[in-house]
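The structure is shown first, and the account follows.

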Amino acid sequence: MPSEELGPLPAGRHGYSREQVAHHQRERLIAGLASAVAEKGYAAVTLTDITREAKVSRRVFYENFEGKEECFLAAFDVVVAHLRELVGEAVEPIPDWPGRAIAATRAVLTFLASEPDLARLCLVESRSAGPAVSARFNEAVGQLRPLLSQGRAERGGGRPLPDSTEDSILGSLVSLAFRKVAGGEAEQVEDLLPECAEFVLAPYLGPDEASQLVHEAT
Amino acid sequence: MRALPGKASRQPPGPEPVSRDAAAADQRRRILEATADLLAEHGYQGTTLEMIVRQAKVGYATFYKHYADRDEAFLALLDAATERTVARIEAAFQREEGPWPDRVGAALGVLFEDVAAHPNVARACLVEALTAGPEATARHERALKRLAALLRPGRELNPRQARLPENLEETLAGGVVWVLSQRLIGGEAAKLRALLPETLEFLLRPYVGEDEAAKEAGEFAEAISA
């Protein structure tokens with residue numbers, strides 16, 4: 001979301017409705033926050049940084065957001081919604097569960113690698129942006145739970161997997177991605193695809209089948 | 001602190017006076033405890049030095065005698081708490097003489113015990129440490145790596161050893177930390193015990209396979225409920 005692509009709004013009569021302008025300003029503020037956070041880290045970002053990046057006034061900021069945290073939350077939501085869309089598109093045409101799980105993993109990692117600043121915003125900065133953002137982060141990760149738990153149907157009879165299996169898998173992957181991104185290696189997150197996909201499939205399909213399927217798909 | 005020669009006669013009778021070292025240690029303990037309790041309620045960004053001083057019932061001068069600022073107190077809390085727990089975990093792992101899965105079970109038991117006994121401190125180390133800047137994150141990572149090292153011997157039990165990913169141990173440890181964090185955020189520290197066998201199963205599965213991991217987890221569940 002680089003804000004330099006958005007020049008300042010022309011002054012005076014520009015033919016936009018009030019709502020369009022407001023919507024536009026909100027988007028610019030979100031983009032402005034994302035660039036400011038990428039540059040300085042959430043804790044150090046000031047309202048002045050955000051409004052300067054967004055090229056809007058402080059008054060406009062307060063018309064849209066109560067403060068920095070609310071603006072961050074909005075940015076986080078935009079990124080997560082986009083990610084959800086990407087995952088949805090990736091899994092939609094694929095009929096089989098292992099294929100869907102691999103495609104979803106790929107979609108998330110590809111996005112994080114191609115947008116390192118947003119990857120950092122979501123995974124790293126979100127942790128210091130207050131309890132509301134932390135809760136939203138946990139919620140976003142939790143939304144991937146059903147995608148994984150569908151794998152339970154792939155298993156024959158026998159003992160069901162423990163209830164916390166999906167949370168453990170997701171937590172492991174978040175932790176793995178977090179370490180890469182926090183270490184400034186977001187671009188290399190894509191290299192983790194085979195490892196992550198195998199980690200997702202193995203509890204459901206067993207390590208050999210998981211490894212073979214991932215090998216074929218990557 | 002022993003009395004200096006010649007001064008002994010001036011010591012009041014009765015119990016040993018509190019030494020200066022003990023008093024200082026007590027002040028630090030109060031500051032760190034207050035920091036942990038405040039963090040659990042307000043998060044790292046919402047906790048100020050003023051709040052810490054008030055809650056710990058110490059003066060600013062006392063605070064500054066021990067720590068330069070809030071961040072330093074928080075890092076001291078992380079150091080003290082992770083050292084205590086990680087050392088206890090390592091000791092439990094070493095003490096257990098059974099095969100590797102039993103040793104992992106013993107280590108995991110101590111981790112869960114400490115988290116349940118000190119939920120606010122655990123929350124500071126597992127949740128807030130990740131929101132408090134690079135120094136705190138680095139400490140969290142170091143502790144995670146020490147725990148991951150206990151898993152590594154499991155590779156010898158795996159016929160596919162060579163194909164296990166390089167980061168497997170850190171990834172698994174990260175998964176356990178995530179599940180613990182979720183429970184702490186949800187205020188469910190008291191219910192952690194029930195989660196212990198399945199967490200063990202999750203850790204063992206990549207090394208010993210599903211059946212063996214489930215068997216170990218079952219035996220572990222029996223052992224801890226006995």
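A salt bridge is taken to be a side-chain nitrogen of Lys or Arg within 4 Å of a carboxyl oxygen of Asp or Glu. By this rule, three salt bridges cross the interface of chain B and chain A. A:Arg159 forms a salt bridge with B:Glu201, with the closest N and O atoms 2.6 Å apart.

The model is predicted: local features need pLDDT of at least 70, side-chain atom pairs count only at pLDDT 80 or more, and totals for chains, interfaces and linings use all residues. Residues are numbered from 1 along each chain as its sequence is written, chains are lettered from A in the order in which they are written, and side-chain values use heavy atoms, without hydrogens and water.

## Extent of the interface

In chain B, 28 residues are in contact (heavy atoms within 4.5 Å) with 29 residues of chain A. The buried area, the accessible area (1.4 Å probe) lost on putting the two parts together and summed over both, is about 2500 Å² between chain B and chain A. Carbon and sulfur atoms give 56% of this area. B:Arg160, B:Thr171 and B:Trp178 supply 24% of the area that chain B buries against chain A, more than any other three residues.

## Nonpolar core

A nonpolar core is a set of buried (under 20% relative accessible area, 1.4 Å probe, protein chains only) Ala, Val, Leu, Ile, Met, Phe, Trp, Tyr and Cys residues joined through side-chain atoms within 4.5 Å. The largest has 114 residues, and A:Phe72 and B:Phe112 have the most contacts inside it. Beyond four places in sequence, the residues in contact with A:Phe72 include A:Leu33, A:Tyr42 and A:Val133.

Terms used:
Buried means under 20% relative accessible area, exposed over 50%, partly exposed in between (1.4 Å probe, protein chains only).
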